[in-house]
Amino acid sequence: MMLHIKLRVLSGAAALGLALAQPAAAADTLKIGVPVGLSGANSVVAPSVVQAAELAVSEINAGGGVLSKQLELVVADDGSGAQGAQKAFDSLVFQKEVDVLISMETSAARNAGLPIVNRGKVPYIYTSFYEGRSCSPWMYVNAWVPEQQVAPIVDHFMSSEGAKSFFLIGSDYAFGRGMLEFTKKYIETKGGTVLGEEYLPMDGTDWTAIISKLKAAGPDAIITSTAGGAPNVTLTKQLRAAGVSIPYGNLAVDEGTARGMGADAAGIYISASYITGIDSEENKKFLAAMEKHFGGDLKTPNDLSVPQYEAVYLYKAAVEKAGSADPEKVIAALDEVSFKGPRGEISMNKQRHAPLTMYLAQVQADGSVKLINSFKDVDPGEQCPNL
Amino acid sequence: MSVLILDIVTTAAILFTVATGLMIILGVMKLINFAHGAFLTIGGYAAYITTLAGWSPWLAIPFAALVGLVLGLVVEIFIVRPLYSRPLDAILATWGLGIIIGQLITIAFGREVQFAEPPVSGAVEFLGLSYSTYRLLLVMVALIVGAGLTGLLYFTRFGLNARAVIMNEDLARGLGIDSTKVRLATFGLGAALASMAGALITPLISVDPNLGLPWLVNSFMLVLTSGVSIPGLLIVSLLLGGAQVVVSTYLSPIIGGLTIVVLAALILRIRPQGIGWGGS
């Protein structure tokens with residue numbers, strides 16, 4: 001027993017020695033902190049995000065790194081919420097002393113992490129679509145905001161389906177309400193009318209009354225923005241069970257979930273900056289590389305994981321342009337660089353946000369996602385006018 | 001207006017079906033089964049397995065009941081029975097069991113949402129309205145379950161024994177009724193009903209490890225206010241479920257979600273024994 005304990009102490013000391021030895025080698029690496037929701041609400045999608053970051057890092061390292069420094073990923077679980085995010089950001093910024101933070105997160109986690117980012121003065125690239133208007137001198141965003149995502153669906157419903165009246169249904173939280181409030185304004189400026197706007201709590205499962213109101217209102221089209229996962233599925237199932245077959249735009253469903261939903265999802269319109277079916281050289285190369293790198297463990301690339309992949313390359317470009325990993329120089333350079341990735345040419349030059357090509361797609365009866373239309377370089381609009 | 005009535009009746013039918021398993025166990029065993037939500041979840045996954053195996057979606061219902069029955073019997077023998085004389089600990093044990101079942105399901109199937117094939121889909125013309133076929137079907141199911149349970153309790157030897165145990169367990173044992181067997185059968189039946197209800201609601205909800213959780217609280221409230229009787233449960237399902245639909249329709253669905261809990265608390269404040277006649 002004594003021996004056992006001694007051995008443990010020894011191995012502990014050895015580990016400590018290794019840890020102490022690391023900073024000497026660290027001069028030759030750039031650390032990328034990835035706080036991400038490996039547990040909690042984001043746990044379904046987080047593994048695909050980590051995979052995308054891993055591929056980018058291994059590609060860049062194989063090509064000689066950044067300014068002849070190797071990249072190193074440091075992943076931390078933020079539990080998909082504010083409390084976990086504080087711990088994750090704290091340990092990444094102040095203990096691991098990462099050079100940059102690149103991650104997809106819930107809005108709650110991002111808001112909790114930002115003060116720590118500002119205090120630690122670390123560049124932060126946020127790679128998740130969100131409700132918009134989150135601004136910090138240290139943050140850039142390369143994913144969509146409502147201004148970019150809502151327009152393709154509403155425009156298509158109005159022009160191609162002849163829809164004039166809409167009904168909006170969502171989950172009662174920041175993203176759900178934020179998206180639908182914007183959607184309502186957008187529909188009204190385009191001359192349409194909103195017949196109803198209804199919400200259910202995030203854990204609610206009974207949409208009965210809302211669906212009856214929808215049927216009584218008799219709109220031309222319906223747009224929903226629920227929390228991902230369960231609420232999205234319960235609403236879609238109950239809409240279909242109630243025989244609702246008007247054009248249906250879903251702001252919160254991803255390609256993978258739509259595929260899994262089977263016949264109930266058929267006909268749903270989705271709007272995204274990435275779908276796997278994008279017909280470009282970069283996307284095909286990316287999908288093949290993912291397949292080769294992860295084989296059977298591959299998580300299907302999606303609208304959250306691809307921005308993560310591209311953000312690592314954007315950081316590389318910024319460091320190379322700045323000529324160093326100095327945080328202030330990198331922040332200045334991030335505004336000017338661009339990267340041609342699976343989603344096309346990405347540049348975060350519009351008030352810390354990126355103009356994006358948006359894709360309108362429709363789920364088919366066999367579960368595949370058919371591209372209906374693409375809208376090139378949709379502007380994010382006024383996001384952070386003071387930065 | 002007629003849509004509102006259909007919404008109320010179908011909502012009540014769903015609530016009734018979901019709560020019966022909990023009520024049977026509480027009535028006979030004086031045990032609040034906090035694993036009820038987990039048994040609902042198991043039913044959902046039984047439906048998912050039915051889809052995976054390529055069986056007819058109708059088979060999900062008996063299959064879920066069978067899985068629930070077997071599991072209920074095992075749980076009764078190994079977890080509930082040793083705690084007969086410690087009712088509070090038994091309740092805690094079912095709480096823990098619920099957590100364990102949830103975690104085992106997560107390990108086996110993952111956290112993500114799964115999809116089970118529904119037996120029917122779409123809407124049907126009913127009283128001049130287009131209404132969800134499946135919800136109408138659930139009203140039939142609720143009536144069958146209610147009638148079946150009433151028959152079981154009032155027209156069979158098991159029912160007679162069970163009612164004897166409900167009224168006075170010591171006296172029933174003195175008369176030669178094997179109350180251990182009655183308890184075993186009751187827990188198995190309750191778990192089977194819960195699991196079957198889980199399979200029955202899957203066409204309307206998503207199958208995930210937390211499927212049963214939102215239903216547990218409402219079931220609990222309904223059973224307490226029902227006074228633990230089948231007609232009582234039918235009435236409170238209509239009353240409280242109806243109130244939920246009315247509040248959701250005319251006020252706000254967010255407040256609607258609280259209606260059952262708030263009203264149940266009010267009813268219990270005025271009539272601690274619930275509205276029914278069956279309770280002691």
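This is a predicted model: local features need pLDDT of at least 70, side-chain atom pairs count only at pLDDT 80 or more; totals for chains, interfaces and linings use all residues.

Colleague: How do the axes of α10 and α11 of chain B cross, and within what distance do they come?

Modeller: The axes of α10 (residues 230-250) and α11 (residues 253-270) of chain B come within 8 Å, and they cross at roughly 155 degrees. Angles over 145 degrees count as roughly antiparallel, and α10(B) and α11(B) are therefore roughly antiparallel to each other.

Colleague: Which residues make that contact?

Modeller: From α10(B) the contact draws on B:L240, B:A243, B:Q244, B:V247 and B:S248, while α11(B) brings B:P253, B:I255, B:G256, B:T259, B:I260, B:L263 and B:A264. Sorted by class, the residues in the contact of α10(B) with α11(B) come to 8 nonpolar, 4 polar and no charged.

Colleague: And α1(B) against α10(B), how do those two cross?

Modeller: Their axes come within 8 Å and cross at roughly 135 degrees, and α1(B) and α10(B) are therefore oblique to each other. The crossing in which α1(B) passes α10(B) is right-handed.

Colleague: What about α5 and α6 of chain B, at what angle do they cross?

Modeller: The axes of α5 (residues 133-155) and α6 (residues 157-167) of chain B come within 5 Å and cross at roughly 80 degrees, which makes α5(B) roughly perpendicular to α6(B). In that contact B:L152, B:L153, B:Y154 and B:F155 of α5(B) meet B:F158, B:G159, B:A162 and B:R163 of α6(B), and the classes are 6 nonpolar, 1 polar and 1 charged.

Colleague: While we are at α6 of chain B, is B:A164 buried or partly exposed?

Modeller: B:A164, which lies in helix α6 of chain B, counts as partly exposed because 17 C-beta neighbours fall inside 10 Å. Leaving aside neighbours within four places in sequence, B:A164 is in contact with B:A172 and B:I177.

Colleague: Switching to chain A, how is chain A divided into domains?

Modeller: Domain 1 of chain A takes in 29-144 + 279-354, and domain 2 takes in 146-272 + 360-378. Taken over C-alpha atoms, the centres of domain 1 and domain 2 of chain A are separated by 29 Å.

Colleague: How many residues are in contact between the two domains of chain A?

Modeller: 10 residues of domain 1 of chain A are in contact with 13 residues of domain 2 of chain A. The domain 1 side of that contact divides into 4 nonpolar, 4 polar and 2 charged residues.

Colleague: And between the chains, how many residues of A are in contact with B?

Modeller: 30 residues of chain A are in contact with 27 residues of chain B. On the chain A side, the elements giving two or more residues are β7 (193-200), α7 (208-217), α8 (230-241) and α9 (255-260), and the largest share, 7 residues, comes from α8(A). By class, that side of chain A has 12 nonpolar, 12 polar and 6 charged residues.

Colleague: One more residue, then: where is the place of A:S273?

Modeller: A:S273 is in the loop between β10 (269-272) and α10 (281-294) of chain A, and A:S273 counts as buried because 24 C-beta neighbours lie inside 10 Å. Not counting residues up to four places away in sequence, A:S273 touches A:A143, A:W144, A:D303, A:R343, A:L356, A:T357 and A:M358.

Colleague: Which backbone angle of A:R352 deserves a look?

Modeller: A:R352 has a positive phi of about 70 degrees although A:R352 is not a glycine. A:R352 lies in the loop between β12 (344-346) and β13 (356-363) of chain A, and is buried, with 24 other C-beta atoms within 10 Å.

Terms used:
Residues are numbered from 1 along each chain as its sequence is written. Chains are lettered from A and ligands numbered from 1 in the order in which they are written. Helices (H or I, at least four residues) and strands (E, at least two) are DSSP runs, numbered from the N terminus. A residue is buried if 20 or more other C-beta atoms lie within 10 Å of its own, exposed if 12 or fewer, and partly exposed in between; C-beta atoms are placed from the backbone. Two residues are in contact if their C-beta atoms, placed from the backbone, lie within 7 Å. Ala, Val, Leu, Ile, Met, Phe, Trp, Tyr, Cys and Pro count as nonpolar, Asp, Glu, Lys and Arg as charged, and the others, Gly among them, as polar. Domain bounds come from an automatic or database domain assignment. Axes are lines fitted to C-alpha atoms, for helices over the stretch in contact, and angles run from 0 to 180 degrees between N-to-C directions. Angles under 35 degrees count as roughly parallel, over 145 as roughly antiparallel, 65 to 115 as roughly perpendicular and the rest as oblique. A crossing is left-handed if the near helix is turned anticlockwise from the far one by less than a right angle, and right-handed if clockwise.
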